[in-house]
There are 2 protein chains.
Amino acid sequence: MADSGALRTTTAPRHGGDLDYATRAYGAPEAGWLDLSTGVNPDAFPDPDRARTDDDTGLPGRNALARLVEAARAAHELPGTASVIATPGSEIAVRLLPLVAPPGKVAIVGPTYPSHAEAWTNAGRDVVTVAALDAVPADAAIVVIGNPNNPDGRTVAPQQLVERAARLALLVVDEAFADLTPEVSLAPHLDGRNAVILRSLGKFYGLPGLRLGFAAGWAPVIDRLAALLGDWPVSGAALRVGTAALADPAWRQETRRRLTRDAARLRQVLAAHGLAVAGGTDLFVLIDDPDASALHRGLAERGVWTRAFSEPPTWLRFGLPGDDAGFARLDGALGEVRALALSDRRPAGGRR
Amino acid sequence: MADSGALRTTTAPRHGGDLDYATRAYGAPEAGWLDLSTGVNPDAFPDPDRARTDDDTGLPGRNALARLVEAARAAHELPGTASVIATPGSEIAVRLLPLVAPPGKVAIVGPTYPSHAEAWTNAGRDVVTVAALDAVPADAAIVVIGNPNNPDGRTVAPQQLVERAARLALLVVDEAFADLTPEVSLAPHLDGRNAVILRSLGKFYGLPGLRLGFAAGWAPVIDRLAALLGDWPVSGAALRVGTAALADPAWRQETRRRLTRDAARLRQVLAAHGLAVAGGTDLFVLIDDPDASALHRGLAERGVWTRAFSEPPTWLRFGLPGDDAGFARLDGALGEVRALALSDRRPAGGRR
């Protein structure tokens, strides 16, 4: 199984640098290991911007990887029978899943994160985008859904997903935003089921530059994905920081509270400027407005960068300002842009 | 082309967080951007062990990726016509290459890094291992070779590789150790050729935990590989530290000098204990000795971890001790183990 990292360290190493194995086989030397088992330069290029840690210079160890995976299993309430692997970001898992999934037609519940459709199309699959789970055609072998979905924040009850999976070859659930609402996650229901979830440290934990995600669920798919990622899937920093983050339920709880408060404040600011909230999670708010394009442009001209969409062009997504100054700046920019839009709409003699 | 990252920033963003695009389209705001375009928590999980940098909390930007790739192109003397991409370590490129390569039989020049054979075999390819480039069967469509090779350090002249590529569908050259001897690299000869090289920041630069490598060469293969890695292939730390490392020719030159000196010292220590040097590079020395297994075990019992092999079991690979204390410790441990081995060989009345 892909998650038996702790056990795998009893097998002879395939590579140099496996001090976990060395310690298991020979005990921990009093003076520490003199590791001559690799071809790695022991005097690394120095980090120009900060003091060196072992993150970059050490070969990421098998035990450290096993600990990270177990921390993810616990944090995400994954059953012991589900396969779990760490991936260098969830984007790469999105891209590789089509190569290890069963054959057949793919239905994507959209609009959603665009890499899904691109990845399955690149792999030569027949792909349809449907507006809701109920609209999935009967001949679809695979369904891809975001839960909560990005950018509209729609959620589906896990029981609905369980029922859907029974009619498919594979169900893929992108749970990049599920840390906010663990009750919608399929994770606790993955026991032997033909479903895969993708998790990310890039959203709720705020660490997109770390490139750390997880794929979990059905062993035939997860184990093949693990083989494509190879023996050192994630960085030393991802192992260290990721394990600490996932093992900190107090931070998780406090962060959920803070994000709930900040998202409510963001919705208030947007509503005060007459913008209709169309969806969202506690990490972003989606508005639906006929002036969305002009609003995006006007905000950008004032240094506020939002996420515009081409389908539908009336959507605009706002992430959370990080502090009071950010909220004030957004409020001020919205005021200016909305006032301009209103004055443009007034009948003016000189304009047609 | 996969390497036109600097140009791609003129296209509309596919995702939130593309401040490079925002700046190009709207100019740099005086107060800096208020980035509300992502769903990323602006108050990230704090690094428990060091002060936070933007490495982990920022979404790796397209311009930063383009700069990294251009630094790799310059450092590795890659022609402008070669496609170049950054990969999260070279291991993952090794694993994914079989999925994007032309069809046909694969000949691997070995023994070499074991992930090559595993990856092509996993992909269902017919794989043969041959002892040298001259022994590649006529029906092989693809050849995989390490240059310099790991663990024996064998090198092949680029001109031989150029000639071989002309008879193949694809030539794959693992150049993880080529920074030591840039004159053997195929990089400057990649102009339009059906060949791909893999480079790594994990060996010469001493940064295996950073997970950063490069794949370069034939566009039909490299561009498909880029699509499998997706839009954020490497971490923020890899972008920052990798770019700095590749843009520092003075460090590279000084490091080559130092490694040459240290490798000579390592060969002397091993020779002084009667060990026959069978190969190597300036980052490791391979010995061939009938007592290799006992030597590996004896050194491990003294806290010195070396790389043992099953084929052939007479090989043992030594990396460089990082300092005088490391050299002294290796010397002492070798003395003890070799003395024991000699005393074991003496005919002793009490033993059978």
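The side chain of Asp47(B) reaches the backbone nitrogen of Asp49(B) at a distance of 3.0 Å. This distance, like every value below, comes from a predicted model. Asp47(B) sits in the loop that runs between E1 and helix H3 (54–57) of chain B. Its relative accessible area is 10%, and Asp47(B) is therefore classed as buried, the cut-off being under 20%. A second polar contact of the Asp47(B) side chain crosses to the other chain, where the partner is the side chain of Arg240(A) at 2.6 Å. When residues up to four places away in sequence are not counted, Asp47(B) touches Arg240(A) and Val241(A) in chain A, together with Arg52(B) and Asp56(B) in chain B.

The contact between Asp47(B) and Arg240(A) belongs to an interface in which 99 residues of chain A are in contact with 99 residues of chain B. The size of an interface is often given as the accessible area lost when the parts come together. For chain A and chain B, the buried area is about 8000 Å², and carbon and sulfur atoms give 59% of it. On the chain A side, the residues that lose the most area to chain B are Leu36(A), Phe45(A) and Trp305(A), which together account for 12% of what that side buries.

Charged and polar groups also take part in the interface. The rule finds 12 salt bridges between chain A and chain B, and 46 residue pairs are in polar contact across the interface, both residues being at pLDDT 80 or more. The side of chain A that touches chain B is made up of 50 nonpolar, 25 polar and 24 charged residues. In one salt bridge, Arg240(B) is paired with Asp49(A), and the closest N and O atoms are 3.5 Å apart.

Strand E11 of chain A (residues 304–305) pairs with strand E1 of chain B (residues 34–35) in the parallel sense, over 2 bridges. In this pair, Val304(A) is placed opposite Leu34(B) of E1(B).

Arg240(B), the salt-bridge partner of Asp49(A), is one of the buried residues of helix H9 of chain B. This helix spans residues 236–246, and because 9 of its 11 residues are buried, H9(B) is largely enclosed by the rest of the structure. The buried set consists of Gly236(B), Ala237(B), Ala238(B), Leu239(B), Arg240(B), Val241(B), Gly242(B), Ala245(B) and Leu246(B). Within chain B, the buried residues of H9(B) pack against H3, helix H4 (62–75), strand E8 (213–217) and helix H10 (249–272).

Elsewhere in chain B, Ile85(B) lies in strand E2 (residues 83–87). Ile85(B) counts as buried because its relative accessibility is 6%, which is under the 20% limit. The C-alpha atoms of Ile85(B) and Val162(B) are 22 Å apart in space, while the two residues are 77 residues apart in sequence.

In chain A, strand E3 (residues 105–109) is mostly covered, with 5 of its 5 residues buried. Burial extends to both faces of E3(A): Lys105(A), Ala107(A) and Val109(A) are on one side, and Val106(A) and Ile108(A) are on the other. E3(A) has two parallel pairings. With strand E5 of chain A (residues 140–146), E3(A) is joined by 4 bridges in a parallel arrangement, and Val106(A) stands opposite Ile142(A) of E5(A). With strand E4 of chain A (residues 127–130), E3(A) likewise pairs in the parallel sense over 4 bridges. Here Ile108(A) is opposite Thr129(A) of E4(A).

Strand E9 (residues 277–281) and strand E10 (residues 284–288) of chain A pair in the antiparallel sense over 4 bridges, and the hairpin that joins E9(A) to E10(A) passes through 2 residues. Gly280(A) is opposite Val285(A) of E10(A) in this pair.

Val285(B) stands opposite Phe318(B) of E13(B).

How values were computed:
Residues are numbered from 1 along each chain as its sequence is written. Chains are lettered from A and ligands numbered from 1 in the order in which they are written. This is a predicted model: local features need pLDDT of at least 70, side-chain atom pairs count only at pLDDT 80 or more; totals for chains, interfaces and linings use all residues. Side-chain values use heavy atoms; hydrogens and water are left out. Contact means heavy atoms within 4.5 Å. Buried area is the accessible area (1.4 Å probe) that two parts lose on being put together, summed over both. A salt bridge is a side-chain nitrogen of Lys or Arg within 4 Å of a carboxyl oxygen of Asp or Glu. A polar contact is a pair of N or O atoms within 3.5 Å; within protein, one must be able to donate a hydrogen and the other to accept it, and residues adjacent in sequence count only if both atoms are side-chain atoms. Ala, Val, Leu, Ile, Met, Phe, Trp, Tyr, Cys and Pro count as nonpolar, Asp, Glu, Lys and Arg as charged, and the others, Gly among them, as polar. Two strands pair if DSSP finds at least two bridges between them. Buried means under 20% relative accessible area, exposed over 50%, partly exposed in between (1.4 Å probe, protein chains only).
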